[in-house]
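Have a look at the picture first.

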Amino acid sequence: MQIITTKESLQQAVAACKQAGQTIGLVPTMGALHAGHASLVHRAVAENDICIVSVFVNPTQFNNKEDLAKYPRNIERDAELLRGIGAHFVFAPTPEEMYTAEEMNSTFSFDFNGLDQVMEGKMRPGHFNGVVQVVSRLFYLTQPDKAYFGEKDYQQLAIIHHMVERSSLAGTFGSLQIVGCPIVREDSGLALSSRNERLSPAEKETALGISRTLFESLKWAKEADATVKEVEQRVVDAINAIDGLEVEYYEIVDQSTLLPTDTFSHAIGCVTVYCGPVRLIDNIKYA
Ligand code: AMP
């Protein structure tokens with residue numbers, strides 16, 4: 001496994017793979033890797049000749065500077081995990097390597113057809129612009145056949161699907177296929193997240209209330225006459241009743257449009273909860 005830190009070396013490595021007729025799978029990450037990331041990498045290794053994993057804490061997608069500063073980083077441990085899985089290249093650039101000073105502060109904005117106006121997009125202005133800025137650059141640099149994203153970040157996955165569908169019209173990303181992968185959870189139910197590293201053991205125990213409530217809500221949705229609005233409110237109330245948790249939003253939306261829905265069919269509930277200072281996200285599909 002080779003660790004690459006410059007765009008130029010990455011493009012050279014990619015050109016050599018392409019010349020040899022090898023297919024490329026890309027897994028974009030921000031590092032502090034766990035079994036959730038590993039599931040994407042395993043799949044990319046299995047389904048492609050070459051697997052490239054990017055490890056880059058992208059500053060342009062953080063609207064909260066403290067969150068950026070506190071984001072966990074451990075490239076040695078990440079490299080060890082990736083070597084064990086059989087990844088071929090790790091791309092770990094510095095922010096300065098990825099962006100010019102102008103790009104770092106750019107205020108350009110993509111058109112997401114409204115997908116960015118709800119939930120995470122509403123709470124973190126500019127977040128998805130930063131995500132698409134980095135992901136499109138990674139696609140350009142690595143020319144992947146397949147790129148892997150987790151359903152843990154469901155709205156991000158929907159937006160990237162949208163971006164590729166739109167731009168493939170213009171042939172930008174060729175036949176790139178976006179592969180969505182299921183959420184990996186601890187046995188306790190807690191969705192794995194790099195941010196869990198910032199939780200104390202007691203907070204981690206408290207955070208279990210999030211997934212427990214989401215799973216419980218599957219039963220509430222099956223109760224006779226249950227409405228989407230009632231279930232939404234019940235989830236918010238149940239999580240807020242747990243000492244140490246505070247819901248930022250819980251929205252049950254259509255899985256494709258991410259717009260509010262009044263039926264549980266093809267619906268997904270997306271939640272963001274503060275556990276102390278740590279912002280955690282999770283989601284559950286109703287049908
Ligand atoms: P991140 O490093 O948080 O940007 O995540 C990199 C990729 O891993 C994203 O596509 C995430 O959706 C995915 N991911 C993160 N946590 C999980 C998880 N628990 N299960 C599945 N995929 C995940």
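Predicted model: local features only at pLDDT ≥ 70, side-chain atom pairs only at ≥ 80, totals over all residues.

Residues are numbered from 1 along each chain as its sequence is written, and side-chain values use heavy atoms, with hydrogens and water left out.

The protein chain has 11 helices and nine strands; these are DSSP runs numbered from the N terminus, with helices (H or I) of at least four residues and strands (E) of at least two. Along its principal axes, the C-alpha trace spans about 60 × 45 × 40 Å.

Now to the ligand. Around it are 17 residues, and the closest are M30, G150, D153, V184 and L192; a residue counts as near if one of its heavy atoms lies within 4 Å. By type, this shell divides into nine nonpolar, six polar and two charged residues, where Asp, Glu, Lys and Arg count as charged, Ala, Val, Leu, Ile, Met, Phe, Trp, Tyr, Cys and Pro as nonpolar, and the others, Gly among them, as polar. The helix α2 gives the largest share of the shell, three residues.

The table lists polar contacts, meaning pairs of N or O atoms within 3.5 Å.

| Ligand atom | Protein atom | Distance |
|---|---|---|
| oxygen | polar side-chain atom of H37 | 2.9 Å |
| oxygen | polar backbone atom of G150 | 2.9 Å |
| nitrogen | polar backbone atom of V184 | 2.8 Å |

The protein covers 94% of the 480 Å² of accessible area that the ligand has on its own, as computed by the Shrake-Rupley method with a 1.4 Å probe.

Note on methods: Polar contact = N/O pair within 3.5 Å; in protein donor to acceptor, adjacent residues only side chain to side chain.
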